[in-house]
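Here is the note on the model you passed along. It takes one chain first and then one of its interfaces.

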Amino acid sequence: MSQPTAPEALGSLTDETPIDPNSKKAKAITGRSPMQIALGRLLRDKIAVICAIVILFFIIVAVFAPLINKMLGVNTDTVFPSQYLDMLGGGMPLEGPPNNGFDPDHPFGIAPQTADDNLAYWVEGCRTSLTIAALATLFASVLGIVIGLLAGFLGGMVDKVLSFFIDLFLTVPFLLAALTLAPILNERFNTADSYVTIQKFSLIGVLAVFGWMGMARLIRGEVLSLREREFVQAARVLGMPTSRVLIKELMPNLAAPIIISVSLMLPAFVAAEAGLAFLGIGVTSGASWGQTIAKAVKYFEQYSLYLWEPLIGVVLLVLSLNLLGDAIRDALDPKTRR
Amino acid sequence: MKRNKPLALVAGAALITLAACGGGNGDDTEGTGTGTDKKFGAQEGGTKDETLQGPAEELEGATEGGTVTVYVAGDPGPNSLDPTDGWSVLGNSIQQALTHRSLTQYKRGEDGQPVLVPDLAVDLGQPNEDYTEWTFTIRDDATWEDGKPVTAEEVAWGIQRSLDAETFPAGPGAEYSKGYFAGGADYAGPYTDKGKAYDAISFDGQDVTIKMEKPFPDMDYWGAFMAMGPAPLGKASQPPNYGTDPLSNGPYKIEKWTPSEELILTKNDQWIAESDPARHQYVDEWIFKFDQDQAKVDQIMLSGNSDSQTAIATSIGSDKYEQANSELGERLVQQTSQCVSTLTPDYSKITDINVRKALAYAYPYQDVWLAGGEVPGVTRVPANSIMPPGMAGKVEDFQPDGEQITYNPEKAKELLAEAGEEGYQITMIFYEVDPLAVAVQKQITKGFESAGFKVKAIPVQVSPYDIWLNPDDKVNKTLNLRGVNWCSDWPAGSTMLPPLLSSDGVYNTAGFNEEAIDQEMEDIAAMPLEDQADAWGALDAKIMEEYFPIIPTAFRNDLFVFGEKIGNPSGDAALGAPNYKDFYVMQ
Amino acid sequence: MFAYIVKRLISGFLVVTLVSMAVFALFWYGPSSPAKPICDREQGVRCIPERLVAYEKSLGYDNPIYTEYGKFVKGIFVGREIAFRTDVYQCDAPCLGLSYNTKQPVTHELVSRLPATISVAVGGAFLYLLLGVPIGVAAARRRGSVADKALVSSFLFLSSIPYYLFALLTWLYLTVLWEAPVVSDVGYFSPFSDGPLKWFGGLFLAWVALGIFGCTQYTRYTRGAMVEALSEDYIRTAKAKGLPARTVVYRHGLRAALVPVVTIFGIDFGSLLAGTIFTERIFEIQGIGYWSLQAVGNKDLPVVAATTLFSAVMLIFSNLIVDVVYSFLDPRVRLS
């Protein structure tokens, strides 16, 4: 079964990579020492370098979010909106954008209705976005690699059953599943003290559970071809235990497809997190770009900056991740020319 | 009466409503806005005119014809059109005004006050000495949409249906018919108790007589509910089918109904204007569009295009209020709805009145309204007690603590210190699904914490009422602060105080329990009718002053937007809805 | 071939069964009673525990889950009666349950919303091909030129933006800010009762957003496939025979290049039919996708189950059809 590439699939969460792992090209890579060559090619790619710098910027913001907010003198504390908003004049901020000039206390302005500081929420939103995308990628990758390895290596019935499950998960509409699951998970844990964290993890769980299939298929295909190769055959004949064959012999040869998969997953998860928050689920307590976008849409005419801030955050991050991923895929495949 | 609109769940959620007159006055709304300040008409409670007869007075300049589209944002509308099953502000305001008649009705009087006038009955009913038996004489010229006359037998049958709480669980009959009619509590209704005789409702010629279990002086108000109207006999009104296409007897009949989407009403040519003291039939066709997106509705109404000229919107987004206020002028109508929003500290846990008062001073009123998407001073105004402004007997200038309680964390700290309860732990819930409720909770938490409370706010994914009203709920047992929004069913204290504050009151989420107060409520119900209003008002003030068991946070108002070709833009204070009875399309 | 189709049908059927079971179980074992939403909807705050129990009983939620699942499946084939407390409704086959919101059979509403979703899908998919293929061919023919490079990089850029933000901005600017004539009255209008112009205007922006965004993928595929095809030997032969360049490119090259494009197209079209939640939400089109989103919000469980199933069936079928068609188009593929 192939996968949809339509835009509604939330970026390319379930996208097939453009490279067929069984093709001669992929084998050619694994034959040489690919990583150094690829890295060299990547460093010569200007767009890739720029994207990497942008991504690095976002990572720094995410990692040091509290510190950055402190340095800039802003915070996500709740404030009383009546002190900062023009209550009878349409609820727009008394100082700063959109109706007044730059407000040094709140460089990004403040939000209508709640008077929250936009910059602080932007920085925290970046953190939320990257944390969730990174962890979801991690879990989905592990899941995908394990299932792909098992299916490809063991073959037979195991392969049939696992392939069926891959198809099954590809058939479930991801958005609907996420929409249905997230509130149920939230309700389970609503009395816990660490609710905000649990909510994030349940979102990560949902993303990972519906995001591992691409990786699994890629790995399975790769393993299917690798396991017929002499060095694997030899290891098996020598009586190496299966787990050792998998980890010692196969894994090192799977680096390229894994990197390719991850480069597809990361931007897709960033987009998915924001998209779900935009639809009103996902992170509801705490800061999230998607949530701010959803709130800001109705103020677009009066206060477009409020929408543009998180929107540019999402677009820039997803764009850089996608372009860098593209460059990585190119670099790993010596045959493509852009 | 309930409000379905999910937004209303925000700070404690308005669910039970029907309205009556009410009104604050323009003082609260003075501001620096560029638009005109909105004024409410000051209203007196409980005006009646039992002599008014049809036809309804012609409106000046009214013309016939045209189609009116009503946009209802964020509310899916009624589940069933069966008059017996209707107890929502939205559904009742439409059906009672346009399609379904009952014993009595409200008419918008001068200054916007609702006046109780006869409808199917020739007067407002004849009670006996102690209000235990009421007789309504049904007029002989009222007709169904098929041209047949409405008979006393059909009215008696319709009223008898209201006792079937099993079949009409959402209807108001379960509360009032069963509560007051003789033997009502034991009679499960004509569908559930098939074949069982019920003799408290009888008819003789044109007279319908209802015997009461206990004195019920407000029967004439209860008669204004469409559940107190006729239903075709026998199979013709069999639920649930009748609920999808009930037979109309008002000036309009149901052309097409798609639940949660659309209701189309067309002229009922069998309706006789002479038989109806308050309804008009100027408009040719009504189209109600439910569950609309507020932003889209605002866009249509403010665009001034041809679609919007003959349209009405039942609400407006707070982000568009200023623009609407300056551009629309008289076409933006503000209507009080007889509702109060409250916080209810658990009476058995927060026993010190000073702590309860400290909560009232720690609640950041203006900020909560802003964060909740309300327009402070317009859609929410400060409250002083439980009975809404304008209700008969209400002590208008009463203040439980000398002056209007506003956000004052210093005062709250003092009160806490006085009680020796610094750092008092508050546990409450909020409806996490709605981003507005989340924003509101943040404000409340901040307000309380700045006043020296500790706050634990538990996010919930179901309506807070599910938790507050379920005594066995595990979360509910941990709470010491709840809330309730309550609207009166008619303008009398008896529909406000007992449900919220009697020890067995259904919505007594505070768990308030004082024998003396229970006794006093019973005493008032037994008083002569003319004394009751003032007694309820006095009790309202007394409870707030002596016990302060509930923190009233706001009285609520609604905003309606009218297209420029809608004649006579006005609100119906009785229901807190647009005044559908009196609109016309300017040609 | 026939055996292959049967095999695929069986596995597809198995997938649908599992998905339906999963959805069913999800509600059943969810935190609150599956009858709770309907009880809330009808009773508001008066949904007290005793009444909830009555709803659960009438809807069969007090029975074991497999009994009820059996009834659900039986309803799909022969129809059944469904009771909300004392009210009994007839639900004819194929019965997917009754909507909690409208108490109408879900199937009816599904059918009534299909035209909107099909309109979106057909228009969007049409634009994919109409824009994507010619641009891809043109780029392949001028491979390496400045225009080609500019096109490839700008399309790469565009397709790297999350789709829903692209659609959102299209809507915000064209509809809200500029109030463009005709097309800013977004939503689905029946081409028959509201007139074709209104239908076209209401959907136009959705098509454009979907089409422009989606066509970037097709340009990439077409370009890649064309480049490969044009370097094949038979093309060289055709050129050597002296055939006009136009014939070579379109008759010989494009024909081969289109095979993979058609494959992807089939699957895309299937997923568009399965419901375009973002597109329908942003452009206020009352199709299947928006319906499912609203149903999740209202906790209208039968509708959620039905839309999920519908999406799964659409995806499975489009995949199956694509695989079969592919085997006809490309004789090298042997289905087994």
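1. Basis. This is a predicted model in which local features need pLDDT of at least 70 and side-chain atom pairs count only at pLDDT 80 or more, while totals for chains, interfaces and linings use all residues. Residues are numbered from 1 along each chain as its sequence is written, chains are lettered from A in the order in which they are written, and side-chain values use heavy atoms, without hydrogens or water.

2. Fold of chain A. Chain A has 14 helices and zero strands (DSSP runs: helices H or I of at least four residues, strands E of at least two, numbered from the N terminus). Of its 338 residues, 58% are buried, that is, under 20% relative accessible area with a 1.4 Å probe, protein chains only.

3. Extent of the interface. The contact (heavy atoms within 4.5 Å) takes 44 residues from chain A and 54 residues from chain C. About 4,600 Å² is buried between them, 76% of it from carbon and sulfur atoms; this is the accessible area (1.4 Å probe) that the two parts lose on being put together, summed over both.

4. Charged pairing. Chain A and chain C share one salt bridge, defined as a side-chain nitrogen of Lys or Arg within 4 Å of a carboxyl oxygen of Asp or Glu. A:Asp326 pairs with C:Arg220, with the closest N and O atoms 3.2 Å apart.

5. Elements. On the side of chain A that touches chain C, helices H6 (156-171), H7 (174-188), H12 (255-278) and H14 (304-332) of chain A each supply at least two residues. H14(A) gives the largest share, ten residues.

Methods:
Buried < 20%, exposed > 50% of the residue type's maximum accessible area, 1.4 Å probe, protein only.
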